[in-house]
Amino acid sequence: MRFRAALRAALAAACGLALAAPVAAQTIKIGSVLTLSGPNATLGENMDKAIKLYMKTHELLPPGVKIDLITRDDGGPNPDKAKQLVQELIVRDKIQFLTGLTWTPNAMSTAALCTEAKVPMFIMNAGTSVITTMSPYIARFSFTLWQSTYPLGEWAGKKYKTAYIAVSDFGPGHDSEAAFEKGFTDGGGTIVGKVRIPLANPDFVPFMQRAKDAKPDVVFAFVPAGKQATAIMKAYGDLGMDKAGIKFIGPGDLVTDEELPNMGDVPLGVLTVHHYSAAATRAANKAFISAWKKEYGPNSTPSFMSVGAWDAMDAIYYVIREQNGKIDPDKTMALLRNYKNPNSPRGPISIDPETRDIVQDEYLREVRKVNGQLANVEIETIATAVKDPWKEFNQKK
Amino acid sequence: MNHRGGYSADTRIRWPEWLPWLVALAAFFLLPEYLSLGARILIYILYALSLDLILGYAGIITLGHSAYFGFGAYVAGVLAAKAGVTDPLVQLVAAAAGGALLGITTGAIILRTRGLTLLMLTLAITSVCLEIANKATALTGGADGLSGVVVAPILGLFKFDLYGKTAYLYCLAMLFVGWALVRRIIYSPFGASLTGLRENSIRMHAIGAPVYWRLVLVYTLSATIAGAAGALLTQTNQFVGLNVLGFEAGGELLVMLILGGVGRVYGAFVGPLVYLLAQDQLAKQFPAYWYFGIGVLLVLVVMFARGGILGIADQALAKLRSKA
Amino acid sequence: MQSFLASIVSVAFHGAAFGMILYVISVGLSITMGLMGFANLAHGVFAMAGGYVLTTAISRFGVPFPLALVCAFAAVALGSVVLERLLYSRLYTAGDLEQVLFTIGLIFIAVAVARFVYGTLQKPVMLPPYLKGQFALLGRDFPAYRVFIIAFSAVMIVALWFGIERTRWGAMVRAAVDNRAMAQSVGIDTRRLFTLTFALGSGLAGLGGALGADIIAIQPTYPFENLVYFLIVVAVGGLGSLRGPFAAALLIGVADTACKYWLPQFGAFFIYLATIGILLWRPAGLFGRRS
């Protein structure tokens with residue numbers, strides 16, 4: 001007798017649960033391939049922090065939809081490792097989106113996989129122009145080197161007469177050299193000398209000495225962000241180049257927000273062009289910074305890589321919402337082509353429908369002391385809605 | 001060091017030697033989602049075999065073996081991407097030939113030295129190769145890597161697919177060929193002389209054996225195999241990056257081989273398997289502390305288990321046998 | 001012509017400064033490898049440790065710079081004694097391969113520990129004001145800190161030379177290395193001697209790492225990134241010699257800087273090609289002894 005009552009109660013409960021259950025519990029798997037170990041671990045960490053922070057502070061998903069983020073470490077620019085990881089993410093974990101991608105070779109080696117498996121790739125960092133042409137399923141949310149360097153060159157060419165170019169001797173360095181040279185000469189200036197600095201180089205002084213000897217109005221430098229930037233900045237200071245009247249300019253990689261504290265007072269007055277500064281005063285950035293510092297401590301600063309990750313997550317959430325959790329790769333790409341975000345911490349951004357590359361504003365910044373600490377103060381919006389200049393120039397060929 | 005292997009008069013294949021191949025084939029059928037990792041392990045086994053030939057048998061300590069692997073990888077890649085040579089077997093042979101060429105030229109120059117001097121020279125060579133690859137952007141893609149590597153279906157029939165099935169079996173087949181070759185070399189009078197070189201080169205001089213030329217020969221053979229392994233990596237990924245060169249890559253290979261056990265053919269099988277599997281699993285949980293684990297393991301192996309994993313297995317077996 | 005002369009002076013100066021940092025770090029390696037026959041690839045770990053001690057002492061404890069340098073030397077030397085007693089001494093008679101692998105393992109461990117304790121960013125070095133700034137000479141400016149480095153290293157090599165060539169302790173070390181059993185039998189406590197020598201070599205590495213922290217950045221992967229430079233100095237200079245690494249470091253520092261200045265497109269190759277060339281010409285190094 002009791003048994004039947006219990007059975008009835010159980011059945012009733014089961015029915016009740018079934019009725020109350022969420023409509024379609026969907027889990028969207030996202031693979032994130034970053035560098036979390038080795039000499040460049042900071043880069044991946046900055047991006048990972050931004051991803052986790054975004055997920056923590058945003059609940060804007062359709063009801064019943066969850067995100068399962070699977071993070072993998074590529075250990076650095078290891079395209080074979082990255083390819084293996086992405087292959088497994090696709091085949092084993094069945095990811096629907098791929099993101100992360102700190103390095104160009106890692107993005108390039110996995111492009112074909114994304115095409116074959118139809119997995120949209122949301123690039124959070126890798127900056128070489130040609131990457132987005134390698135698969136119709138790639139959209140980039142970070143930057144390209146030409147985007148910041150060409151406008152810098154143009155602006156500098158109008159303002160200064162002669163320039164010396166010093167770049168690190170590797171792919172992105174060559175890119176930025178070409179971009180600056182074109183911009184500077186288009187703006188009316190003359191390049192008086194160039195030098196390519198070996199990548200594995202502890203001492204920048206001999207190269208900066210060459211630059212100093214050529215007596216240019218301005219030295220343009222591009223080196224990998226981080227400790228190399230600090231080293232070249234020190235060399236600039238040690239040789240007394242600012243006293244000699246030579247201005248130091250470059251893309252934002254030269255004075256990244258998290259590295260600035262290590263540079264002492266040397267960078268004061270250095271002008272750079274970039275798409276993001278942690279010191280930007282727009283409301284969206286202030287909210288971003290305060291959320292960041294609340295989560296990661298008052299001494300922690302996001303960098304342009306963090307913002308790349310943040311905005312890519314925003315786009316991911318957007319396409320999930322628009323498709324109500326039922327992801328179709330081609331529809332995702334169509335949505336991304338028309339993606340606009342006027343309220344990113346870096347300012348207004350959108351995706352170029354033709355190239356699927358990021359379109360954003362570029363700011364002229366000066367390193368100044370703000371509240372006793374160095375910061376990249378945005379003094380002018382030097383170019384708005386910049387599309388990747390390299391692709392623009394190369395289309396004409 | 002008396003735990004290292006050497007010449008054996010009995011060259012027949014003992015039955016346990018078929019085990020690795022059975023395991024590899026079983027993995028193909030039972031673990032279809034791990035074939036990408038599997039192919040990587042197979043390639044590194046071949047690579048480690050080539051290193052064992054010179055390290056375990058001829059006693060040449062090198063941190064720069066990546067020069068030959070990387071050179072082979074780029075030869076295959078450049079042929080595919082820039083010269084339109086898409087047949088995988090042609091690419092493979094060309095890469096092996098490239099490895100041989102580089103091996104014999106560098107070997108002839110540096111093998112007159114030993115010890116720290118030789119070590120430094122191997123380091124310098126792989127560093128120079130890395131820098132050349134970095135600078136020759138038009139050919140190698142430089143730091144961005146070489147993309148556009150087209151690999152035609154093997155023998156016109158087997159296409160390289162998303163699941164990595166073709167790649168896995170292809171690498172397995174090539175590993176089999178490489179293994180057979182290495183085995184042949186080791187269990188031969190030439191191989192015996194290598195052991196002699198390693199153990200007592202003064203004596204070898206005294207009996208009139210041409211020490212220098214034997215070293216160059218085995219070094220060249222090793223470089224050939226390493227070059228072939230490099231091509232396999234390029235073909236499997238249809239991409240080459242700078243990380244195949246340089247002394248960090250060379251050092252990593254050395255660590256893999258030591259873990260497995262030097263101077264015994266199957267150390268080269270066990271080492272990369274354990275290392276890459278551990279890296280795959282542990283690096284997912286603790287990517288930052290992977291280094292710590294490997295460091296501790298290395299120190300322990302050197303202090304207590306100099307024969308590597310197989311050495312430990314040997315000791316365990318010996319104990320079991322003595323009890324029986 | 002005057003500007004060409006000025007260039008030469010500048011190259012010589014900066015090359016010497018860079019070379020001297022390499023020297024101070026690497027001379028310890030020459031001592032341990034040459035006098036003790038131990039292939040210690042983990043030498044960079046001691047240099048890195050010295051750098052961390054210095055930056056922590058200055059930024060966290062407000063220790064003045066000269067004292068912080070002494071701390072770097074002392075702390076690393078003491079730490080190395082512990083390591084030596086526990087681990088290194090077991091491997092003195094082991095083969096080259098074992099020593100190479102053991103020290104590589106140590107590097108891995110140290111890198112992971114450094115990252116855990118200090119994080120991945122590099123440590124900034126705040127130099128005291130009297131070491132910042134420049135001296136003007138011959139129409140060129142020379143950074144004060146690099147002048148200090150050159151002067152300090154010159155003093156150091158004299159002190160070292162004196163200590164090893166002219167004292168009884170130095171004679172004991174040389175005796176123990178040439179023939180340990182014999183030295184033991186004439187009453188020299190070789191075990192203690194080796195520990196002391198190892199401590200000296202490692203302490204010097206720590207000092208060098210601290211001194212050079214402004215130029216060669218202190219961060220967890222320091223031992224990997226700079227290993228090649230230390231090894232090149234020692235191999236080219238010759239093991240077991242004091243003059244060797246000095247000459248090699250100076251040569252490499254100046255020639256590397258000169259090449260980067262006048263032939264920058266070969267800048268990266270120079271140091272490796274020079275190493276290959278010198279080692280093929282003199283396999284035991286410029287001043288090495290065939291032992």
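This is a predicted model: local features need pLDDT of at least 70, side-chain atom pairs count only at pLDDT 80 or more; totals for chains, interfaces and linings use all residues.
Biologist: How many residues does the contact take from chain B and chain C?
Modeller: The contact takes 31 residues from chain B and 32 residues from chain C.

Biologist: Which elements of chain B give two or more residues to that side?
Modeller: Those are helix H5 (115–135), helix H11 (247–260) and helix H13 (290–304) of chain B. H5(B) gives the most, with 10 residues.

Biologist: And by class, what does the side of chain B that touches chain C have?
Modeller: That side has 22 nonpolar, 6 polar and 3 charged residues.

Biologist: Now chain A. How many residues does its contact with chain B take?
Modeller: There are 27 residues from chain B and 30 residues from chain A. Among the elements of chain B that give two or more residues to this side are helix H2 (35–57) and helix H12 (267–285). H2(B) gives the most, with 3 residues.

Biologist: How do the residues of the side of chain B that touches chain A divide?
Modeller: They divide into 11 nonpolar, 11 polar and 5 charged.

Biologist: Change of topic. Which residues touch the most other members in the largest nonpolar core?
Modeller: Of its 327 residues, these are Ala166(A), Met208(A), Ile21(C), Ala72(C) and Val233(C). H2(B) gives the most to this core, with 17 residues.

Biologist: What is Met208(A) in contact with, leaving aside neighbours within four places in sequence?
Modeller: Met208(A) is in contact with Ala166(A), Ile232(A), Ala235(A), Tyr236(A), Leu239(A) and Met241(A).

Terms used
Residues are numbered from 1 along each chain as its sequence is written. Chains are lettered from A and ligands numbered from 1 in the order in which they are written. Two residues are in contact if their C-beta atoms, placed from the backbone, lie within 7 Å. Helices (H or I, at least four residues) and strands (E, at least two) are DSSP runs, numbered from the N terminus. Ala, Val, Leu, Ile, Met, Phe, Trp, Tyr, Cys and Pro count as nonpolar, Asp, Glu, Lys and Arg as charged, and the others, Gly among them, as polar. A nonpolar core is a set of buried Ala, Val, Leu, Ile, Met, Phe, Trp, Tyr and Cys residues joined through C-beta atoms within 7 Å. A residue is buried if 20 or more other C-beta atoms lie within 10 Å of its own, exposed if 12 or fewer, and partly exposed in between; C-beta atoms are placed from the backbone.
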